[in-house]
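Please look through the sequence and the model shown below before reading on.

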Amino acid sequence: MLNIEGLDELTQMNTLQQLIYYVQQNGSYLWEQFLRHFLISIYGVLFAAIVAIPIGFYIARHSKLADWVVGAANVIQTIPSLAMLSLLMLGFGIGVNTVIITVFLYSLLPIIKNTYAGVKNVDNALMDAAKGMGMTRWQLTYKVELPMALSVIMAGLRNALVVAIGVTAIGTFIGAGGLGDIIQRGVNASEGGAIILAGAIPTALMAVTADLVLAWLEKRLDPSSHKRR
Amino acid sequence: MRLKKRVKVAALASTAVFMTACSLPGLGAGLTEEGNIRIATQSSTEMVILGYIVQGMVNHYSEINADVIQNLGSSTMVNQAIVQGDADVAAVSYTGTALTGELGMDPITDPDEAREAVTDGFEEQFNIKYYPSYGFENTYAFLVTQELAEEHDLVNVSDLESIAEELTAGVDNSWMEREGDGYRAFLDTYQFDFETVYPMQVGLVYDAVQSGDMDVVLGYSTDGRIASYDLVLLEDDLNFFPPYDASPSVPFEILEEHPILDDILAKLEGAIDTDMMQEMNYIADEYLLEPATVAREFLEANNFFEDSEPYLEPVGGE
């Protein structure tokens, strides 16, 4: 009935050959899902950064609040991701936005914590000197605290992004797409080992690459690594 | 401090926008686009293929865009997505599952009664139209090799009775313990037992019977390996297993909005028989083809069912 050309006898191939064959056949689809996966993770972390970095600065100034805020973020972190996804699905429905919200929530803790720690650890002498120069509150934040804390904040973002890539993979269960779709397809196929790898390897690669790139950025931003001119 | 506050307000505003807003750049395709028909389906190869078949048909006969939401965890989740308005079409439900799952009723083994109960139940409880079957069912089925079937002239399950004492049977683990349509109930209905019954993982039974390790096995009727191993599917002549006919379903509200959807799904009624479904499953699984590709090839091979009732003018959109 179906007359599809170029079907090789796949049952004779080993998993690695099957994997290569699958990637050749479905390269553009794979790339599409890869990009989608990456974007979902990035958006979630980005929105979390927009909210969490100001919160981190705020609680660094109001230490009484710090325990409460970090505690709350901690509680969010302890909810298993599949449970969180299902919970949010009840409110936001299925689809990609719910996954982004999930990623957002998981990213809050590492970013808040690191921003808090980074700002707290800015040398008091430095702050005093800045104040002595007549800097306003805003200038202090913008010209002293932020540059000094940036590498630590970056470490938080790095943490968040790696977690995010993992969380996005299970977003497939609420119809968000991404590489999880491919993994899930492999799990359901009768001989799907190669398909699972085609989804899992890019996911792992993405996480490792994101980690390396952000680690490099973190290093670049570390004020102590700057050479004096 | 004023500035800080402003920053915070901006942050809150932007998150609020993103939470309620539709699509972010790069993620546009799909779920949130207004006016699109959203087809929800679960994760097995067969279910995803059917999702893409419905999508292909909608794209062929209408100007409406259709998206497939795949990999939803369970049939109840698909149903919930539809009831909540997150999806418009359930690509496939199986009578037996719909009856005990979504409707929470007791299993009914008579196919016509079961279908009627589901059709009525969906209309009353969810205001959803439950369509007639695509033309195949995916149920438990006893399978034997071609040779054994010819040797003993096997067509129905009851034909096994005379030789059952010499046969080894491989069955799905979970079937052994199932109430209602499990092993014990089977003994009651068919009144015979096999020499030995080996419970195993359901994915293994096809190979087990083909290689001769087992004489008869209990598998799923649309598995692609039935076709590729040339196995014979024995008719459940005593209607022991509840029917698992595959059908799409759509809320009446959506049908009012898109009347053409009703005609499109009517075209698919009875259009896919068990052999076709087995072949599609087989090709997708064995040749690592994406279900979307298999669905497209299938529709093209059948000319999008242009000749079957009701007549629809193809708009040719891809």
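Does Phe305(B) count as buried or partly exposed, and how many C-beta neighbours does it have inside 10 Å? In this predicted model, Phe305(B) has 19 such neighbours and therefore counts as partly exposed. A residue is called buried when 20 or more other C-beta atoms lie within 10 Å of its own.

Most residues other than glycine have a negative phi. Phe305(B), found in the segment after α14 (291-301) of chain B, has a phi near 55 degrees, a positive value in a residue other than glycine. Asp153(B), which lies in the loop between α6 (146-152) and β6 (168-172) of chain B, also has a positive phi, near 60 degrees. Asp153(B) is exposed, because 7 other C-beta atoms lie within 10 Å, and 12 or fewer is the cut-off for that class.

The table lists two helices, one from each of chains A and B, with the span from the first C-alpha to the last.

| Helix | Residues | Number of residues | Span | Expected span |
|---|---|---|---|---|
| α4(A) | 96-120 | 25 residues | 36 Å | close to 36 Å |
| α5(B) | 111-126 | 16 residues | 22 Å | close to 22 Å |

**Helix α4 of chain A**

Although the span of α4(A) is close to the expected value, the helix has a kink of about 30 degrees at Ser107(A), shortly before the proline Pro110(A). Of the 25 residues of α4(A), 22 are buried, so this helix is largely enclosed by the rest of the structure.

Two packed helices are described by the angle between their axes and the distance between the axes. For helix α1 (residues 15-61) of chain A and α4(A), the axes come within 6 Å and cross at roughly 35 degrees, and the crossing is right-handed. Sorted by class, the residues in this contact of α1(A) with α4(A) are 22 nonpolar, five polar and one charged.

**Helix α5 of chain B**

In α5(B), the residues Ala114(B), Arg115(B), Val118(B) and Phe122(B) are buried. Seen down the helix axis, the buried residues of α5(B) fall within an arc of 100 degrees, so they line one face of the helix. An α-helix has 3.6 residues a turn, so residues three or four places apart point the same way. The face of α5(B) turned away from the buried side carries exposed residues, namely Asp112(B), Glu113(B), Glu116(B), Asp120(B) and Glu124(B).

How values were computed. Residues numbered from 1 in each chain as written. Chains lettered and ligands numbered in written order. Predicted model: local features only at pLDDT ≥ 70, side-chain atom pairs only at ≥ 80, totals over all residues. Helix = DSSP H or I, 4+ residues; strand = E, 2+ residues; numbered from the N terminus. Expected span 1.5 Å × (residues − 1). Bend = angle between axes of the 7 residues up to and from the residue. Axes fitted to C-alpha atoms, helices over the stretch in contact; angles between N-to-C directions. Left-handed = near helix turned anticlockwise from the far one by under 90°. Nonpolar A, V, L, I, M, F, W, Y, C, P; charged D, E, K, R; others polar. Arc of directions from axis to C-beta.
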